[in-house]
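Here is a short report on one protein model. It goes from the whole chain to the core, then to the rings.

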Amino acid sequence: MIQVMNWLSMAIGLIPLNRQQLQSNFMLDYVMMLIMPCLYLASYLGINLFHRFGLPFLDDCNSVCRLSNNLFMHLGAFLYVTVILLSLYRRKQFFVDFETRLAEIDVIIQKCRRVAELDKMRSQAVKHSVAYHFTWLFVFSVFIFALYYDSRELYLTFGEYAIIPFMVSSFPYLAGSIIQGEFIYHVSVISNRFEQINKLFEKINQEARHRHAPLTVFDIESEGKKQELKPTPAEKAAATKAIFSNEPKLADELKRQKAQPPKQEDEDELNTSDEEDDDIFDYNDGMMGENTDTSEANLPDLFKLHDKILALSVITNGEFGPQCVPYMAACFVVSIFGIFLETKVNFIVSGKSRLLDYVTYLYVIWSFTTMVVAYIVLRLCCNANNHSKQSAMIVHEIMQKKPAFMLSNDLFYNKMKSFTLQFLHWEGYFQFNGIGLFALDYTFIFSTVSAATSYLIVLLQFDMTSILRNEGLMT
């Protein structure tokens, strides 16, 4: 499925041909990314400047059909021009960086799997669930139906020149949806890597659950503080007497120390950085010898992996997040006017005008298609965020169990605590979003439905009967 989408993206000029090779022919890689925008602009300008091969210039197209088609065409132009400009800006560097970082992450994951003995399990091909295959089959079916309906109606109207109006009707929404498909693929890869490191964290958690802690258990956060005993009145009096009897000796000792020059101050200042370096946990030497062959030895590498995958999420959102904004805006507008045309026009005069029915159904089909794609984007972004949060939750659960390896070396505890605290700050810093305008999660659906409801309340109050009667669609 992913390969088919990549080939289609290269065929219509959305990504370079050799996107993972920096040292390749520049003209060959970007020839389709230049040809397809030129064809689109030629079709768009030809329809609007020469008034040919466009629905608004047909005699059978009434005012409602003309207005709806113009809105659909100009909105598609905004979507396609924005998407193609951002695609040209991205070029190859992102794809090369993504694959390079992903290869580094996979190497460390395989190393951790060998240490955790997960690679000894019988390796099976990844079997996607029935929902996965059904989702892709459903999405492809919706797109094929939308393209078939549009091309068939345009061919019945314009004959062999149907490709010209098709370029300004369905093609922009197809291109925007394919770009979102690329975003879906990259986010799914990130989510899959989070799932893999969560399995490794869960293996450590299971071992901590089955292993017994030592009999002598102490609180690490107490830092060895002992419980103070209250002295008796006799002990207080003896201690006071000893202090007063030692006052002359203490005074003589203070005078002797003041007379000596301070020799160690400079050395202490110079050794400050060394002491700070000693406090930093060494990922290579901080392990206890007895734990090198067990799964908790993966903790340092897993912390590194989590940071690398989060960094990969940042660059992915930086590349595809801006393209989500025009796509979500187009989806919003098409959906609102699709509902308006279906309820206020098609329910009243359905079957009276073939072109008006075509435009109305085109709005409905593409509003449904774009909403499906937008929902998949939001769902996968939420899954990736949830998997990243799950890592911190598993580590926190391990800390609560206080396993033997953590009690025998408090560096493990300090690093796990730092990891959970770091992720708490990271969660407030980053989330998949559309250049900061909105978060790509399920809350976006609620915000969109609320805004759409407000607009529909206004639109549905318009009385279309007089307009339809003037156009001869009502008696």
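Of the 475 residues of the protein, 43% are buried. Buried means under 20% relative accessible area, exposed means over 50%, and partly exposed lies in between, with a 1.4 Å probe and protein chains only. The model is predicted: local features need pLDDT of at least 70, side-chain atom pairs count only at pLDDT 80 or more, and totals for chains, interfaces and linings use all residues. Residues are numbered from 1 along each chain as its sequence is written, and side-chain values use heavy atoms, with hydrogens and water left out.

The protein exposes about 27200 Å². Carbon and sulfur atoms supply 60% of that area. Accessible areas come from the Shrake-Rupley method with a 1.4 Å probe; for residues, only the protein chains shown count as cover.

The secondary structure comes to 17 helices and zero strands. Both are DSSP runs numbered from the N terminus: helices are H or I with at least four residues, strands are E with at least two. A contact means heavy atoms within 4.5 Å. Among contacts with a separation of 6 or more, 84% join residues 24 or more positions apart.

**The core**

The largest nonpolar core has 117 residues. Such a core is a set of buried Ala, Val, Leu, Ile, Met, Phe, Trp, Tyr and Cys residues joined through side-chain atoms within 4.5 Å. F183, M416 and L440 have the most contacts inside this core. Helix α13 (residues 354-401) gives the most to the core, with 22 residues. What does M416 touch, not counting residues up to four places away in sequence? The list is L299, F303, V395, I398, M399 and M406.

**The rings**

The whole structure holds 23 aromatic pairs. Rings of Phe, Tyr and Trp (its six-membered ring) pair if their centres lie within 6.5 Å; planes under 30 degrees apart count as stacked, over 60 as edge-to-face and the rest as tilted. Two of the pairs involve Y80.

| Pair | Centre to centre | Angle between planes | Type |
|---|---|---|---|
| Y40 and Y80 | 4.7 Å | 50° | tilted |
| Y80 and F171 | 5.2 Å | 55° | tilted |

Y40 in helix α2 (residues 26-50) and Y80 in helix α3 (residues 63-90) are 40 residues apart. Y80 in helix α3 and F171 in helix α7 (residues 171-210) are 91 residues apart. Y40 is buried, at 1% relative accessible area. Y80 is buried, also at 1%. F171 counts as buried at 4%.

Ring pairs also link F94, F95, F98, F183, F320 and F432 into a cluster.
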